[in-house]
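This briefing goes through one protein structure by topic. Keep the sequence and the model open while reading.

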Amino acid sequence: YADAMTHVFLSFDSVIQSRVEQIGALLEKRQYVVWIQPPTGKIDENFRNGVANCAALCVCLSANYHLSCKARTEITFAQECSKQIFILTVDDEGRERCWLQPFIEGRTAVDFTNEANDADAIDELIDVLGNRGKKVQRRASTVAVSSPTVSSPTTTSPLAAAKHGANYLGDADPTISPNVPAGAGSGTPAQADAESAKGNDSPAQLGSREASQSSLGRQ
């Protein structure tokens, strides 16, 4: 059965139960939740969960409705709970003036006396019920899933890595010039010039230069 305030309660005398079940099936086809009998068969549950929590109560009038203690208790309790009450005429027999009169007086009744007209009658009943007791369409909540953000790898230049003492793998040491042997570049500028000049001297010039340097060393 439905949650609180989401069903239509049908109040009736047991003599016409089969006809009431037909009306209930018509409502269910139109997506209404219908309470006809308590699931446990306990009458007190009819009042706690059935009437107290209904969105609307439909009185299914018949010749013996006003003689039913159950029906009288249901409609009286619905009135005390300020429920919306609708009248369905299930037979065409007359009503004697009795305790029921104040509950049905001034209310428009939907005519279910002729089964051949059930299609029109159910449309009329739905017009007065509106969304009371209709099944709630629950939408599935949509959760937006964002793609994980992938950070691009930071490219560090060899020079920047050298400045910050980084171990920059895969590149030559920026402090060493290409094609220069390790240890080159050390010494004074004069010595560096002398070393550079050696590559351009002839053998005679080279021997004269070395003799001159040896003579200077002895001095």
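An open sheet of 5 strands, paired in the parallel sense, has the order β2-β1-β3-β4-β5. Its edge strands are β2 (34-35) and β5 (109-111), each of which pairs on one side only. The model is predicted: local features need pLDDT of at least 70, side-chain atom pairs count only at pLDDT 80 or more, and totals for chains, interfaces and linings use all residues. Residues are numbered from 1 along each chain as its sequence is written, and side-chain values use heavy atoms, with hydrogens and water left out.

**The chain as a whole**

- The chain has 8 helices and 5 strands; helices (H or I, at least four residues) and strands (E, at least two) are DSSP runs, numbered from the N terminus.
- Read from the N terminus, the elements follow the pattern β-α-β-α-β-α-β-α-β-α-α-α-α.
- Of the 219 residues in the chain, 29% are buried; buried means under 20% relative accessible area, exposed means over 50%, and partly exposed lies in between (1.4 Å probe, protein chains only).
- The accessible surface of the chain is about 14600 Å², and carbon and sulfur atoms account for 50% of that surface; such areas come from the Shrake-Rupley method with a 1.4 Å probe, and for residues only the protein chains shown count as cover.
- Among contacts between residues at least 6 apart in sequence, 73% join residues at least 24 apart; a contact means heavy atoms within 4.5 Å.

**The sheet**

- Strands of a sheet pair through backbone hydrogen bonds, either parallel or antiparallel.
- Two strands count as paired if DSSP finds at least two bridges between them.
- Strand β3 (residues 56-61) and strand β4 (residues 85-89) run parallel and are joined by 5 bridges.
- Cys 60 has Leu 88 in β4 as its bridge partner.
- β1 and β2 also pair in the parallel sense, over 2 bridges.
- Val 8 has Val 34 in β2 as its bridge partner.
- In β1, Val 8 and Leu 10 point one way while Phe 9 and Ser 11 point the other way, and all of them are buried.

**Salt bridges**

- The whole structure holds 3 salt bridges; a salt bridge is a side-chain nitrogen of Lys or Arg within 4 Å of a carboxyl oxygen of Asp or Glu.
- Asp 118 forms a salt bridge with Arg 19, and their closest N and O atoms are 2.8 Å apart.
- This pair links distant parts of the chain, with Asp 118 in helix α5 (residues 118-129) and Arg 19 in helix α1 (residues 17-29), 99 residues apart.
- Asp 118 and Arg 19 are both buried.
- Arg 30 forms a salt bridge with Asp 123, and here the closest N and O atoms are 2.6 Å apart.
- This pair too links distant parts of the chain: Arg 30 is in the loop between α1 and β2, and Asp 123 is in helix α5, 93 residues apart.
- Arg 30 is partly exposed at 34% relative accessible area, and Asp 123 is partly exposed at 33%.
- Glu 74 and Lys 70 meet through their side chains in a salt bridge of 2.9 Å, N to O.
- Glu 74 and Lys 70 are separated by about one helical turn because they are 4 residues apart in helix α3 (residues 69-80).
- Glu 74 is buried at 0% relative accessible area, whereas Lys 70 is partly exposed at 23%.

**Aromatic rings**

- A pair of aromatic rings is described by the distance of the centres and the angle of the planes.
- The whole structure holds 2 aromatic pairs; rings of Phe, Tyr and Trp (its six-membered ring) pair if their centres lie within 6.5 Å, and planes under 30 degrees apart count as stacked, over 60 as edge-to-face and the rest as tilted.
- The rings of Phe 9 and Trp 35 have centres 6.5 Å apart and planes at 25°, so this pair is stacked.
- Phe 9 in strand β1 (residues 8-11) and Trp 35 in strand β2 are 26 residues apart, and the pair links distant parts of the chain.
- Phe 9 is buried at 0% relative accessibility, and Trp 35 is buried at 2%.
- Trp 99 and Phe 103 form an edge-to-face pair, 6.1 Å centre to centre with 75° between the planes.
- Trp 99 and Phe 103 are both buried.
- Lys 70 lies over the face of Phe 12, at 4.8 Å from the ring centre; a charge sits over a ring if NZ of Lys or CZ of Arg is within 6 Å of the ring centre and within 35 degrees of the ring normal.
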